[in-house]
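This briefing is meant to be read beside the structure shown below.

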Amino acid sequence: MTTEKQQTKGIWKVIGASSLGTLIEWYDFFIFGSLSIVISTKFFPADNPTAAFLSTLATFAAGFVVRPFGALFFGRLGDLIGRKYTFMVTLMLMGGATFLIGCIPSYDSIGFWAPFLVLILRLLQGLALGGEYGGAATYVAEHSPKGQRGYWTSWIQTTATFGLFVSLLVILITRNVLSEEQFDLWGWRVPFLLSIVMVYVSYLIRKNMDESPEFKQAKSEGKTSTNPLKESFGNKYNMKFVLLALFGAVMGQGVVWYTGQFYSMSFMKTVMHLHTDQADMILGIALLFGTPFFIVFGWLSDKLGRKWVMLTGMALALLTYRPIYEQMYQLTNVDNKEEITSKKEDFFEVVNTEKGKDEVVTHKSHYTDGSILTTITTTHIVKDQKSDVTTKKSITIDGSNYIYLILLIFIQIIYITLVYGPIAAFLVEIFPVKIRYTSMSLPYHIGNGVFGGLLPAISTYLATNAQTQMDPEFYLAGLWYPIIISAVCFIIGALYINKNIYTKN
C-alpha cells in the first residue's frame, strides 16, 4: 500500500471517529430546538402560550450564549493536555445533560423547578458544545494532507446538519410509532433518553483514537503553550486575527446557518402554521439533499480560497431572504386561496380532564390547490363554567406547493454550505498549533453561539412586535436581524480578509 493510500485510510478513520461523536453532540443539542413547541407546554406555565414559547426560545438561546465560555475552558485544556481527551470530556458532559432533560418532571409537577433545571442543563450543553467543535475541527485539520484541509474538515461541517436531520428523524419516528396522546404525555422524552446509548457507542470509538500528529510533535519539542488564554487574547497580534475571524467570517456564517436551519423551521410552524410533521419532513428532505454541498464547497475552497466562497453565501442570503420568505408565507396564506365550500367538515367532541372537561370543535377547510386548514377550538369548562378558550390552527399543503417549499428551504441550505463548508479550515489555518484550539474556538462560538444562537429568539420577537403594531408584512420583520449581521460581516470580510492571514499556517 502506498504512503498516500495509507494516509487517506488513516484520515478516514480520524473523520469517522470525530464525526460520529460530533454528530451525536449536535443531535443532543438540537433535540431541544426541534421540540421547542412541545417543551414550551411541559416546562413553562401554560396560561400564556406565546410567553411560554418565547421563554423556551430564550432557554434554547442560553445554551448558545455560554458556548464561548465552554470554548475558553475546554480550548485551554485542549492546548494544554491535547485534543483527544478534551473532547472526550465534552461528549460525556453533553450526553449526560441531554439524558437528564428527558428525566425532568413537568411544570405541573414541580413548578418553578422545571424551567430552572432545564436552564441549568441547557447551560451545561452549551459549555460542552463550546469545547467539542474546536477540538474535532482542529483534530481533523491536523491529520489532513497539505492543501486539502477544506475538503477533509468539511466532513466535520456536515455533522451539525446531520445532527439536526437525525433529531428530526427520531422525532418523526417516535410520533408515528406512538399515538398523539402518548407522544404529548411521555413520548417527547424518548429522543432525549435515547442519546445516552449513542453517546456510549461514540465514547467506545473515541477512546481508541490517537492524539493529533501536529500536537504530539509540538509537545515532544516543548513548543506547547503554558498559558493559551494569555497567548491567544493577551497578544495584540493574535487578537487581531481573532477579531477578524469573528467579524469578517463567523458572525455572518452563524446567522446564515441558524436562519436556514432553525428560523425556517420555527417560521413554518408558528407563522405559516404548517403542520408539525410536514414542517419536519420538508426540512429533513432539504437537509438530506443539501448536506453533500458542504463537501463540494469545502473542496472548492481548497482550489479558490476560503474568502469568496464564504462571502458569496452571505451576499446571496442578505439579498434573497425577504423574497424567499415572502414566497414561503404565501404558500399557506389562505386569504389568497379558493376554498371548496362543499368540502367543509366540522366535528364536535367532549373530553374529560382532571380539572373538568373540554368541548372541542374541529373545523376543516379544503382549498383548490390541495391545502387543508384545520382549526381546533377548545373550550375549557371547570365546574360548569367556561374558564378559557384556545384556538389552534394547522395547515397541510400538497403537490407543487409541497415541492416548492422544499426548494425554498433547500436554497437556504445551499447558502449554509457556502459559508459553513470552508469555515473550519479557515479558522485552523490562521492560528498556530500551540494556541489553535483556544484561538479558533472563541470566535467560532461567539459568532455561532451569540450572533447565531440568539437569532430564533430575536427574530421571533421582531416578528411578534411587528404583528402587534399591525404591520402587514410582520412575517418578514424577523429577517432584518440576519440581513444586517450578514451585510456587516460581508463588508468587513471583503475589505480585510486576504491571503496574508494564512502566513502562520
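At 52% relative accessibility, Trp113 counts as exposed, because the cut-off for that class is over 50%. The coordinates come from a predicted model, and the points below should be read with that in mind. Trp113 is found in helix α7, which covers residues 113-141, and this residue also belongs to a nonpolar patch on the surface.

**Surface patch**

- The patch that includes Trp113 is formed together with Phe112, Phe116, Leu117, Ile120 and Leu124, and these nonpolar residues have about 570 Å² of accessible area together.

- The C-alpha atoms of Tyr437 and Ala136 are 9.5 Å apart in space, although the two residues are 301 residues apart in sequence.
- Thr158 has its place in helix α8 (residues 149-177) and, at 7% relative accessibility, counts as buried.
- Apart from neighbours within four places in sequence, Thr158 is in contact with Thr291, Phe294 and Ile295.

**Packing of helices α14 and α15**

- Helix α14 (residues 276-290) packs against helix α15 (residues 292-304) at an angle of about 35 degrees, and the axes of the two helices are 5 Å apart.
- On the α14 side the contact is made by Leu288, Phe289 and Gly290, while α15 contributes Pro292, Phe293 and Phe294.

**Salt bridges**

- Glu231 lies in helix α12 (residues 228-233) and Lys434 in the loop between α18 (423-429) and α19, so the pair ties together parts that are 203 residues apart in sequence.
- Both partners are partly exposed, Glu231 with a relative accessible area of 24% and Lys434 with a relative accessible area of 34%.
- The side chains of Arg306 and Glu429 also meet in a salt bridge, at 2.7 Å from N to O, and this pair links distant parts of the chain, with Arg306 in helix α16 (residues 306-331) and Glu429 in helix α18, 123 residues apart.
- Arg306 is buried at a relative accessible area of 6%, and Glu429 likewise counts as buried, at 9% relative accessibility.
- Arg306 and Glu429 are linked with Asp302 in a network of salt bridges.
- Asp369 and Lys337 form a further salt bridge through their side chains, at 2.5 Å from N to O; Asp369 is in the loop between β2 (357-366) and β3 (372-382), and Lys337 in the loop between α16 and β1 (345-352), 32 residues apart.
- In this pair Asp369 counts as partly exposed, at 30% relative accessibility, whereas Lys337 counts as buried, at 16%.

Terms used:
Residues numbered from 1 in each chain as written. Predicted model: local features only at pLDDT ≥ 70, side-chain atom pairs only at ≥ 80, totals over all residues. Heavy atoms only, no water. Axes fitted to C-alpha atoms, helices over the stretch in contact; angles between N-to-C directions. Helix = DSSP H or I, 4+ residues; strand = E, 2+ residues; numbered from the N terminus. Contact = heavy atoms within 4.5 Å. Patch = residues over 30% accessible without salt bridge, like charges linked within 9 Å, V, L, I, M, F, W, Y side chains within 5 Å. Areas by Shrake-Rupley, 256 points an atom, 1.4 Å probe, with all protein chains shown as cover. Salt bridge = Lys/Arg side-chain N within 4 Å of Asp/Glu carboxyl O. Buried < 20%, exposed > 50% of the residue type's maximum accessible area, 1.4 Å probe, protein only.
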